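Q: Hi! Could you walk me through this structure, one contact at a time?

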Amino acid sequence: MEQIKFAKNLIDFIYESPTSFNAVETSKQLLENNGFEEVDLCNKWSLEVDGKYYITKNSSAIIAFTVNSKNIEKEGFRIIGSHSDSPTFRIKPKAEISVENTYLKLNTECYGGPILNTWLDRPLGIAGRVVLKSDNILKPKEKIVNLEKPLCIIPNIAIHMNRTVNEGYALNKQKDMLPLVGLLNDSLEKDDFLLNELSKNIKVEKEDIIDFDLFLYEFEKGSLIGPNEEFISTGRLDNLSMAHASLHALIDSKGQHGVNIVAVFDNEEVGSSTKQGADSNMLLNILEKICLSLNKDREDFLAAIYSSFMISADLAHALHPNLTEKHDPTNKPVMGKGPVIKINANQAYTSDAQSISVYKTICKEANVEYQEFVNRSDERGGSTIGPISSTHLDIPSVDIGSPVLAMHSIRELGSVKDHYSIYKTFNKFYEI
């Protein structure tokens, strides 16, 4: 079945993308396998109609696009935005800690807002980016790394030593959430543990390693569950599922108008205020470079911007079967009933009647059901890249996403049908 196949492809994509750095590497491979060419932000571009291109930023954000026509002043850009990062734990410098001369654990810092207790008692891997010496001091080399084995675990304390644990226990990120690596002995020494592991993995001398951006991830691969394999159980559905669906739609669609774009930003989980985040001019500058390469002037660029539309794609909250009262009384999206349009009176989402109408029509054209989400009026919800991006790119935008349970858990739950449905709407968006 096509839906099952696409969901299994998503699970593979996520497993090969344990951090934002690995996600960009996985996306690059997918794009190159489908004829996309990398272009450099530092060089002058020579883009062509029917050309397929991509750019990376900081090795953790990626923007891919297809040039369908030169008439971008009238036809504009069709943009789908998502993000590559997920809540996790970053390994600190000088991370190795000895406990009672017996245990080796690592010092970490929480990234974003994970549900902390879901990280306990699970085999964890380590992945990210390693920076190496080069001949150019201002441009050191880098390697994307995945140590590809369950190296550590964050153990719970036994209930016999914490009798009130099931009545609510506030986990301390500095004390309770440090991962145990192993037992110190002749083959496992405290000093330079990480450098030794990295050196072996990427086959360089440890003296050549200058620094790293390393993160923990759940080592176990995701799976399809349910009697009819209707659910996707895996980490990082938020938001690699939207990156996956939009990339495949860009590859598979037969666009005829303007320029189709996928923008996968980084650092959404911590506010997006980085050079590779949505709260930067990265996307705006790339759009202008596209126009200049197609021999357009500033007036044409502005016309193209105001002929454009953006879908901000991030996941939505599905109705929880045990806590139905947490949802709005009349807007209760459920898994299996299609993409969710996200609405907020205080502009936490970009959706308005105009942009919502556009996406509803796209859904109808794609023969896909849609739902709507609004927070309870007495609950403050989250936000996403849409409103942040709008401060740099003032074009119509709608916030949508697939409904999931357990958002920000180490293992989230989504719907096989919904993932394929949202891909169909992305595909239709690029072709209209």
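Predicted model: local features only at pLDDT ≥ 70, side-chain atom pairs only at ≥ 80, totals over all residues.

Q: Let's begin with charges. How many salt bridges does the structure hold?
A: There are 14 salt bridges. One of them joins the side chains of K296 and E73, with 3.0 Å from N to O.

Q: Where do K296 and E73 lie?
A: K296 is in the loop between α6 (282-293) and α7 (298-305), while E73 is in helix α3 (residues 72-75), so this pair ties together parts that are 223 residues apart in sequence.

Q: Is K296 buried or exposed?
A: K296 is buried, because its relative accessible area is 15% and buried means under 20%.

Q: OK, what about E372 and K360?
A: Their side chains also meet in a salt bridge, at 3.3 Å from N to O. E372 sits in strand β17 (residues 371-374) and K360 in helix α8 (residues 353-365), and the two are 12 residues apart. E372 counts as partly exposed at 26% relative accessibility, and K360 counts as partly exposed at 22%.

Q: Which residue does D378 form a salt bridge with?
A: With R376, and the closest N and O atoms are 2.7 Å apart. D378 counts as exposed, because its relative accessibility is 55% and exposed means over 50%. R376 has 28%, so R376 counts as partly exposed.

Q: Switching to rings now. How many aromatic pairs are there?
A: The structure holds 11 aromatic pairs. Among them are Y15 and F219, an edge-to-face pair with 6.5 Å centre to centre and 70° between the planes.

Q: Where in the chain are Y15 and F219?
A: The pair links distant parts: Y15 is in helix α1 (residues 2-15), and F219 is in the loop between β10 (209-218) and β11 (223-225), 204 residues apart. Y15 has 28% relative accessibility, so Y15 counts as partly exposed.

Q: How is the pair of Y217 and F219 arranged?
A: That pair is tilted, with 6.5 Å centre to centre and 35° between the planes. Y217 counts as buried, at 3% relative accessibility.

Q: Which residues do ring pairs link into a cluster?
A: F6, Y420 and Y423.

Q: Last topic, the surface. Which residues gather in a patch of negative charge?
A: E25, E32, E38 and D40 do. E25 is in helix α2 (residues 20-32), and at 39% relative accessibility E25 counts as partly exposed.

How values were computed: Residues numbered from 1 in each chain as written. Heavy atoms only, no water. Patch = residues over 30% accessible without salt bridge, like charges linked within 9 Å, V, L, I, M, F, W, Y side chains within 5 Å. Areas by Shrake-Rupley, 256 points an atom, 1.4 Å probe, with all protein chains shown as cover. Salt bridge = Lys/Arg side-chain N within 4 Å of Asp/Glu carboxyl O. Lys, Arg positive; Asp, Glu negative; His and termini not counted. Charge placed at Lys NZ, Arg CZ, Asp CG, Glu CD. Helix = DSSP H or I, 4+ residues; strand = E, 2+ residues; numbered from the N terminus. Buried < 20%, exposed > 50% of the residue type's maximum accessible area, 1.4 Å probe, protein only. Phe/Tyr/Trp six-rings, centres within 6.5 Å; stacked < 30°, edge-to-face > 60°.
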